[in-house]
Amino acid sequence: MAQQSYRFPGAGKPETGSGVFRLTIRNAMAHLDSEVKEECLREDLKFYFMNPCEKYRARHQIPWKLGLQILKIVMVTTQLVRFGLSNQMVVAFKEENTVAFKHLFLKGYSGTDEDDYSCSVYTQEDVYESIFFVLSQYRQLKNISLGTLGYGENEDNRIGLKVCKQHYKKGTMFPSNETLNIDSDIEKDCVHLDLSKSPQDWKNSSFFRLEFYRLLQVEISFHLKGIDLQTIHSRELPDCYVFQNTITLDNKAHSGKIKIYFDSEAKIEECKDLNISGSIQKNTQYVLVFDAFVIVICLASLILCTRSIVLALRLRKRFLDFFLEKYKRRVCDADQWEFINGWYILVIISDLMTVIGSILKMEIKAKNLTNYDLCSILLGTSTLFVWVGVIRYLGYFQAYNVLILTMQASLPKVLRFCACAGMIYLGYTFCGWIVLGPYHDKFEDLNTVAECLFSLVNGDDMFATFAQIQQKSILVWLFSRLYLYSFISLFIYMILSLFIALITDSYDTIKKYQQNGFPETDLQEFLKECSSKEKYQKESSAFLSCVCCLRRKGSEDHLIPVT
């Protein structure tokens with residue numbers, strides 16, 4: 001019998017029902033995975049923008065950076081105070097020695113300087129007496145000085161005084177006949193005077209026969225060494241100083257008045273042989289250990305803040321990619337800058353300056369370096385940044401956040417306004433310098449003019465500025481009145497008022513925003529969607545949390561800044 005075959009209905013056709021089901025499941029899983037990613041991103045963003053207290057309540061994470069910053073404030077401030085007291089002794093020692101040198105080497109010094117020069121002479125005899133007075137005082141310095149001073153070697157490695165005179169090359173002058181014949185080339189002659197010669201030998205030298213109608217200036221330079229013993233009372237190692245002193249008799253004006261300038265430049269050098277008994281060495285070691293601990297604290301702060309910035313940039317990239325994928329558009333610049341925490345950058349700069357300054361301080365304490373100025377700038381600026389950074393934590397409270405928000409809102413407007421006002425200010429500066437400079441002490445150079453005008457803007461020395469103008473020229477006197485009245489009226493009544501109005505306007509705007517709410521950006525709207533999905537989160541919170549945790553273990557989603 002032939003076998004009969006039977007075909008069931010639908011045999012040989014694709015099973016379309018199961019394929020549709022698998023596609024539906026795949027789409028559902030993809031949709032669920034997308035929502036999981038979105039919720040995980042939103043959760044990470046919310047956690048990133050929390051303050052340390054909120055982060056601790058949310059995940060019980062200890063705010064290490066906050067505690068470290070508080071500790072750093074105490075350590076850095078203590079370090080600065082100790083270094084400031086030490087630096088204060090250095091400055092006082094230099095200034096007191098400069099005053100002592102003026103009384104020792106300047107004949108007839110009254111104790112007060114006339115502008116930028118110390119004293120002046122008006123006769124030839126006074127000039128010679130002033131020069132030989134310096135030479136005599138230098139020779140008997142150890143017998144008359146109250147300080148711990150000794151003779152130092154100059155640039156030529158010689159002990160003694162170096163006297164140089166500058167004069168025109170040659171010439172004749174007869175003022176009565178209004179006749180002048182002079183070679184404007186300048187010659188410079190120098191002589192070295194050591195201690196082996198007597199003052200009488202110096203006076204008989206032909207070098208000191210001055211022709212005053214050709215003489216431009218006489219310069220006397222010598223080096224002295226000293227030791228600052230007052231640091232021993234503060235349990236610190238003493239410093240050794242080299243004072244490079246220069247006395248200049250200036251006759252360039254040939255006006256019958258020779259101004260005498262005294263300049264003393266102090267350099268700290270390493271003492272070659274220090275043998276001090278007592279507890280000073282032990283105290284120095286304690287200070288060095290303290291400075292090393294400050295460096296460790298700042299390095300830890302630097303690492304944590306750098307890590308937070310790196311993780312914030314990764315979180316920013318996740319948000320930008322998600323926003324572009326879901327909404328097909330870029331995030332605005334304001335939202336992108338929200339991820340760049342300027343306070344962390346300020347802390348990093350402060351930490352770097354503190355580390356470098358502390359290393360310099362340790363070298364200075366060990367007497368290997370003497371650069372007090374650079375160390376002071378680094379430690380002072382870093383401490384300034386540290387205390388300014390405290391405002392960040394006050395900003396977490398709405399009552400204290402007004403200052404930060406007002407500064408942020410008004411800064412762009414203020415900078416643009418200052419750029420325009422600066423053009424007017426420069427115009428008045430140049431005008432006052434060229435017109436009033438010959439008739440007023442406060443307008444002699446550009447720097448002094450700028451300082452004088454800034455003082456006038458703040459209402460300082462107004463009457464003195466008006467009163468000191470010389471009335472030798474009626475035209476200039478009238479111009480000075482017009483100049484000063486217009487500047488004061490323009491800057492105090494208009495420009496300064498507008499400047500204050502800009503800040504006040506920003507402050508009023510911030511106050512309204514605090515009462516009625518700030519304008520929402522894309523980032524804030526994205527985070528706000530959390531509240532609208534609370535019902536969904538309650539239904540699937542366990543599942544989403546589990547999936548989020550699994551995703552974080554296998555991806556970079558765990559890279560969230562921790563405060």
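Student: Which side chain does that of Arg214 meet in a salt bridge?

Tutor: Side chains of opposite charge can pair when their charged atoms come close. Here, Arg214 meets Glu211 in a salt bridge (a side-chain nitrogen of Lys or Arg within 4 Å of a carboxyl oxygen of Asp or Glu), with an N to O distance of 2.6 Å. This is a predicted model, in which local features need pLDDT of at least 70 and side-chain atom pairs pLDDT 80 or more, whereas totals for chains, interfaces and linings use all residues. Residues are numbered from 1 along each chain as its sequence is written, and side-chain values use heavy atoms, without hydrogens or water.

Student: How many salt bridges does the structure hold?

Tutor: There are four. In one of them, Lys361 pairs with Asp291 at 3.0 Å, N to O. Lys361 belongs to helix H9 (residues 342–365) and Asp291 to helix H7 (residues 280–327), so the pair ties together parts 70 residues apart in sequence. Helices (H or I, at least four residues) and strands (E, at least two) are DSSP runs, numbered from the N terminus.

Student: Is Lys361 buried or exposed?

Tutor: Buried means under 20% relative accessible area, exposed over 50%, and partly exposed in between (1.4 Å probe, protein chains only). Both Lys361 and Asp291 are buried. Arg214 is also buried, at 14%, while Glu211 is partly exposed, at 39%.
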